[in-house]
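This report walks through one chain, from overall layout to individual residues. Keep the sequence and the model open side by side.

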Amino acid sequence: MSRTRSAQPDPRATLRGGLPDRYLTPEDIAEIFDVPKETVYQWRKKRTGPPGFRIGKHVRYDPADVYAYIAARKHQDVSAA
């Protein structure tokens, strides 16, 4: 009997349903915002996207910070309208 590996959950669905219980990778951020991974790195370089931090040589994002970033962007858009 062979077992099939279950697909990794969609980070967007996890974020919408509640905060994930792990730090997010740049790949997760790119998938959540539907942008190329290079855009995520440019956001970090320009300090315009969600705040990230380094663990050794790896960049990670706290889901709570990403959620706060999204909420702030929504607020800015409503205020500008």
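Two residues are in contact when they have heavy atoms within 4.5 Å of each other. By that criterion, and leaving aside neighbours within four places in sequence, Val-40 touches Pro-26, Ile-29, Ala-30, Val-35 and Tyr-61. The model is a predicted one.

**Layout**

The chain holds four helices and two strands. Along the sequence they run α-α-α-β-β-α. Of the 81 residues, 22% are buried. The chain exposes about 6,400 Å², and carbon and sulfur atoms supply 51% of that area. Take the contacts with a separation of 6 or more: 39% of them link residues 24 or more positions apart.

**The α2/α3 pair**

Two packed helices are described by the angle between their axes and the distance between the axes. Helix α2 covers residues 26-33 and helix α3 covers residues 37-46. Their packing angle is about 105°, and the axes lie 8 Å apart. An angle of 65 to 115 degrees counts as roughly perpendicular, and α2 and α3 are therefore roughly perpendicular to each other.

Which residues of α2 and α3 meet? From α2 come Pro-26, Glu-27, Ile-29, Ala-30 and Phe-33; from α3 come Lys-37, Val-40, Tyr-41 and Trp-43. By class, this contact has seven nonpolar residues, two charged and no polar ones.

In soluble globular proteins, nonpolar side chains tend to be buried together. Here the largest nonpolar core has eight residues: Leu-24, Ile-29, Ala-30, Ile-32, Val-40, Val-59, Tyr-61 and Val-66. Helix α2 gives the most to this core, with three residues. Val-40 belongs to the core and also to the α2/α3 contact. Among its contacts are Ile-29, Ala-30 and Tyr-61, which are core members too.

**Positive phi**

Most residues other than glycine have a negative phi. Asp-34 has a positive one, and so does Arg-47. Where do Asp-34 and Arg-47 sit, and are they buried or exposed? The table gives the values.

| Residue | Phi | Loop | Relative accessible area |
|---|---|---|---|
| Asp-34 | about 55° | between α2 and α3 | 66% |

Exposed means over 50% relative accessible area. Asp-34, at 66%, is therefore exposed.

Key:
Residues are numbered from 1 along each chain as its sequence is written. This is a predicted model: local features need pLDDT of at least 70, side-chain atom pairs count only at pLDDT 80 or more; totals for chains, interfaces and linings use all residues. Side-chain values use heavy atoms; hydrogens and water are left out. Axes are lines fitted to C-alpha atoms, for helices over the stretch in contact, and angles run from 0 to 180 degrees between N-to-C directions. Angles under 35 degrees count as roughly parallel, over 145 as roughly antiparallel, 65 to 115 as roughly perpendicular and the rest as oblique. Ala, Val, Leu, Ile, Met, Phe, Trp, Tyr, Cys and Pro count as nonpolar, Asp, Glu, Lys and Arg as charged, and the others, Gly among them, as polar. A nonpolar core is a set of buried Ala, Val, Leu, Ile, Met, Phe, Trp, Tyr and Cys residues joined through side-chain atoms within 4.5 Å. Buried means under 20% relative accessible area, exposed over 50%, partly exposed in between (1.4 Å probe, protein chains only). Accessible areas come from the Shrake-Rupley method with a 1.4 Å probe; for residues, only the protein chains shown count as cover.
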